Amino acid sequence: EMAPMMILNSVITGNSYNPSINTGAGAIYFEDNIGISIVNSIIWNNQAPQFQFSGINFVDMIYSNLEDGIPTNIDPNYIKINEDLPDEYDNTITLTNPYFMDPIQYSGNPQIDGNFELTQYSQSCIDMGTVSILEYQDSFYDFEITDYNGTAPDIGAYESDFESNSCGSGELNDDGAINVLDVVVPVTCVLDNNCEDCAGDLNSDGAINVLDIVALVSDILGP
């Protein structure tokens with residue numbers, strides 16, 4: 001049986017295991033844990049399944065970016081996830097790509113490659129964390145984050161300077177309105193091959209190109 005553990009503002013990515021040799025998981029293998037809490041963390045792009053369980057386990061997974069979300073194919077008699085927390089905490093999990101600055105390149109060495117800082121496209125992580133958990137007060141898991149940018153801490157190991165909810169908005173010239181003047185900005189940057197403002201990524205594919213220009217024009221013209 002393991003002691004309580006807190007995984008806070010962490011990144012677990014690019015990991016694998018050999019199922020022919022041992023039982024395991026791409027990210028975390030839980031075995032008879034009396035309490036593990038995962039908060040403000042990114043667990044993404046590990047070998048599937050990311051999580052495996054053995055024995056009786058008590059786990060909290062909240063305010064985190066989890067590929068495929070909270071595990072559901074489990075036996076609730078043995079696996080207790082967020083059992084002592086209000087149901088609304090289940091809705092603090094984000095499921096879309098964290099868009100790291102430089103994801104692990106699997107052709108290289110996973111132990112040294114990668115830059116896991118957030119980018120302007122990391123909307124699933126920016127301002128999506130929490131400063132504290134009321135239910136954790138005066139317990140082993142108690143914490144408080146006071147140094148962060150924006151409206152809330154970012155999910156992951158690195159706090160960014162980017163703002164949330166700006167990507168894909170189409171508001172590109174900062175005049176507070178979305179109109180034909182905003183179309184000029186992506187047209188110019190696409191032609192120059194120098195697009196940086198994620199507000200122009202209307203289809204949320206991580207790139208700004210002619211498809212986004214078409215989407216922006218369509219939004220402006222309406223049905």
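**Legends to close-up views of a predicted model**

The protein exposes about 12300 Å², of which carbon and sulfur atoms supply 49%, with accessible areas taken from the Shrake-Rupley method with a 1.4 Å probe and, for residues, only the protein chains shown counting as cover. This is a predicted model, in which local features need pLDDT of at least 70 and side-chain atom pairs count only at pLDDT 80 or more, while totals for chains, interfaces and linings use all residues. Residues are numbered from 1 along each chain as its sequence is written, and side-chain values use heavy atoms, with hydrogens and water left out.

View 1. Helices (H or I, at least four residues) and strands (E, at least two) are DSSP runs numbered from the N terminus, and along the sequence they follow the pattern β-β-β-β-β-β-β-β-β-β-β-α-α. The C-alpha trace spans about 60 × 40 × 35 Å along its principal axes. Of the 223 residues, 39% count as buried, a term that means under 20% relative accessible area, whereas exposed means over 50% and partly exposed lies in between (1.4 Å probe, protein chains only).

**View 2. The largest nonpolar core, which has 16 residues.** Such a core is a set of buried Ala, Val, Leu, Ile, Met, Phe, Trp, Tyr and Cys residues joined through side-chain atoms within 4.5 Å. The members that touch the most others are I28, F30, I38, F51, F53 and M61. Two or more residues come from each of strand 3 (28-31), strand 4, strand 6 (51-54), strand 7 (57-62) and strand 9 (79-81). Leaving aside neighbours within four places in sequence, F51 is in contact (heavy atoms within 4.5 Å) with A25, I28, F30, I43, M61, L66, G69 and P71.

**View 3. N40 in the loop between strand 4 (36-39) and strand 5 (42-44).** With a relative accessible area of 0%, N40 is buried. The side chain of N40 is joined to that of N9 by a polar contact of 3.4 Å, that is, a pair of N or O atoms within 3.5 Å, where within protein one must be able to donate a hydrogen and the other to accept it, and residues adjacent in sequence count only if both atoms are side-chain atoms.

**View 4. D142 in the loop between strand 11 (115-118) and helix 1 (180-192).** D142 counts as partly exposed, at 37% relative accessibility. A polar atom of the D142 side chain lies 3.1 Å from the backbone nitrogen of D138. Beyond its neighbours within four places in sequence, D142 is in contact with Y136 and Q137.
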